[in-house]
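Please read the report below alongside the sequence and the coordinates.

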Amino acid sequence: MERTRNIHVWAYSVLIAGLIAALIWGFTASKNVSALEISNENQYNRAFHELVGYVEEIDTLLSKAQLTNSPAHLAKISSDIFRQSASAKSCLGQLPTNEVQLDNTSKFLSQVGDYTYVLSQSMINGEEISQEAYDNLASLNEYAAKLSETLTEMENRVYSGELRISDTGRRSKGTVADAAGGGILEDLENVEKSFEGYPSLIYDGPFSEHIENRTPAMLENASDISSGEALTKAEEFLNTRDELILEGMSENTAIPTYTFVKNTDDGEITVSVTKKGGYILSYLNSRMVGEEKLNVEEATEKASDFLQEKGFYSMQNSYYEKSGSIATINFAYVQDNVTCYSDLVKVRVALDTGEVVGLESKGYIMNHSERELMPPALTMEDAQARVSTGLEVSGTKLALIPKDSMREVLCYEFKGAFSGKNFLVYVNAETGREEEIFLLLESEEGILTV
């Protein structure tokens with residue numbers, strides 16, 4: 001009897017201890033969760049506060065940009081705007097905004113720094129700033145002022161406790177924020193709506209409107225083909241008539257494609273065919289590659305023959321990269337002895353047999369056309385006189401190079417050595433302006449440019 005009573009006491013003690021431990025654990029966990037929520041909220045508040053400050057500064061700088069006639073001063077202002085807009089985008093990305101799309105706000109922050117930078121470069125190069133450019137600056141200033149005002153109002157509500165930034169993950173109901181006219185989510189939606197009339201900016205920069213909306217050059221007047229017609233194109237490319245299966249179709253991309261697959265004994269073959277025109281966008285054979293038996297020169301010859309066979313004519317190899325016994329060789333189209341670097345095709349060659357195991361032609365499809373090439377205004381000698389005397393020039397040719405805006409510039413390409421390294425210098429064949437300088441990174445693994 002006494003032993004039974006002791007067992008009961010022991011069991012009750014263990015039960016009580018367990019309950020106490022559970023309560024302590026629950027309290028500690030709740031406390032940790034609460035501390036984490038407070039920490040997250042503080043981080044959100046800091047990012048939002050910094051965002052407000054950056055946008056206010058952008059507003060002020062845009063006003064200054066409209067008043068300056070000094071190229072050097074505009075260059076400084078544009079540099080400041082570029083830096084502030086990049087920081088503002090970073091802060092925006094730190095906010096929990098999954099429940100609302102802020103594409104227009106993000107686009108504005110990208111364009112405002114980029115656009116003013118392009119204007120400053122134009123002034124430095126002696127170009128006049130047009131009235132349209134000043135009108136665009138005024139419009140950007142107006143939107144920056146509106147954004148600054150809206151964000152400042154939101155910040156005041158955050159500091160007063162009416163808004164919690166972490167509430168973007170849910171619609172507020174029955175909170176103080178409702179009484180004040182809506183939660184943080186609604187306020188962010190209103191911020192985005194304020195950009196509905198935002199103008200299209202066409203300029204020489206990577207965020208210009210025409211880049212996002214441009215149609216691939218080779219597909220501009222092409223007709224849609226069916227999946228059956230695309231299958232025929234893929235079979236002709238592979239020289240096969242069976243075993244290809246339609247894996248899917250991509251619609252929401254710059255180049256809609258049909259993708260076909262074929263299983264092999266040691267891998268998989270994938271071919272993508274454009275919906276318009278039926279061009280081969282990409283090809284990949286994932287087979288295992290054995291021991292290297294070919295060098296890069298032999299692989300380049302194999303790749304060149306392959307391109308000829310597949311209808312890519314007048315292509316010139318440029319740079320390559322080796323990885324895993326595969327050489328990836330870049331080819332660019334040549335028209336009238338001018339290398340058109342935008343018309344890029346990449347060919348992967350297996351160094352065990354010389355078989356082409358990959359092709360990527362997006363650059364070619366996006367840009368290829370027969371250009372109306374004007375004769376260069378400068379002679380090669382005139383252009384070379386603009387190159388630093390420190391460069392020991394070893395080769396020269398004409399080339400069309402793409403700028404960030406996708407605009408192409410006819411240049412003289414000067415290859416040469418400086419301080420033990422090889423460089424490429426591009427001089428505008430019309431104006432003599434130095435457009436680009438690239439360092440050639442040359443190793444056993446390939447030749448790349450930076």
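## Arg 241 and its surroundings

In this predicted model, Arg 241 is in contact with Thr 232, Glu 235 and Glu 236, once its neighbours within four places in sequence are left aside. Arg 241 belongs to the loop between α8 (227-238) and β1 (245-250), and, with a relative accessible area of 59%, Arg 241 is exposed because this value lies over the 50% limit. The C-alpha atom of Arg 241 is separated by 9.4 Å from that of Leu 231, a residue 10 places away along the chain.

## Tyr 333 in strand β6

Tyr 333 is placed in strand β6, which covers residues 326-335, and is buried, with a relative accessible area of 9%. Leaving aside neighbours within four places in sequence, the contacts of Tyr 333 include Tyr 313, Ser 314 and Met 315, and also among them are Val 338, Thr 339, Cys 340 and Asp 343. Tyr 364, His 368, Glu 370 and Arg 371 are likewise in contact with Tyr 333. Ser 369 is 36 residues from Tyr 333 in sequence, and the C-alpha atoms of these two residues are 9.8 Å apart in space.

Ser 361 sits in the loop between β8 (356-360) and α10 (362-367), where its relative accessible area is 0%, so Ser 361 counts as buried. The side chain of Ser 361 reaches the backbone oxygen of Ile 280 at 2.6 Å.

Asn 136 is part of helix α4, which runs over residues 131-160. Because its relative accessibility of 16% falls under the 20% limit, Asn 136 counts as buried. The side chain of Asn 136 makes a polar contact of 2.9 Å with the side chain of Tyr 115.

How many cavities of 30 Å³ or more does a search of the whole structure find? The search finds three, and the largest cavity holds about 60 Å³ of space. The lining of the largest cavity consists of Phe 48, Leu 51, Val 55, Leu 92, Thr 105, Leu 109, Leu 147, Leu 151, Leu 188 and Val 191. Two or more lining residues come from each of α1 (2-65), α3 (103-124), α4 and α6 (184-193), and α1 gives the largest share, three residues.

Which classes of residue make up this lining? Nine of the residues that line the largest cavity are nonpolar and one is polar, while no charged residue takes part.

## Cysteines

The structure holds zero disulfides. Of the cysteines, Cys 91 is buried, with a relative accessible area of 2%, and Cys 411 is also buried, with a relative accessible area of 0%.

## The chain as a whole

The chain has 11 helices and 13 strands, and of its 450 residues, 42% count as buried. Among contacts between residues at least 6 apart in sequence, 57% join residues at least 24 apart.

Conventions. Residues numbered from 1 in each chain as written. Predicted model: local features only at pLDDT ≥ 70, side-chain atom pairs only at ≥ 80, totals over all residues. Heavy atoms only, no water. Disulfide = S-S within 2.5 Å. Buried < 20%, exposed > 50% of the residue type's maximum accessible area, 1.4 Å probe, protein only. Helix = DSSP H or I, 4+ residues; strand = E, 2+ residues; numbered from the N terminus. Polar contact = N/O pair within 3.5 Å; in protein donor to acceptor, adjacent residues only side chain to side chain. 1 Å grid on protein atoms, 1.4 Å probe; cavity = no way out; pocket = protein on both sides within 12 Å on 5 of 7 lines; lining within 4 Å. Points joined across faces, edges and corners; volume = space filled by probe spheres on them. Nonpolar A, V, L, I, M, F, W, Y, C, P; charged D, E, K, R; others polar. Contact = heavy atoms within 4.5 Å.
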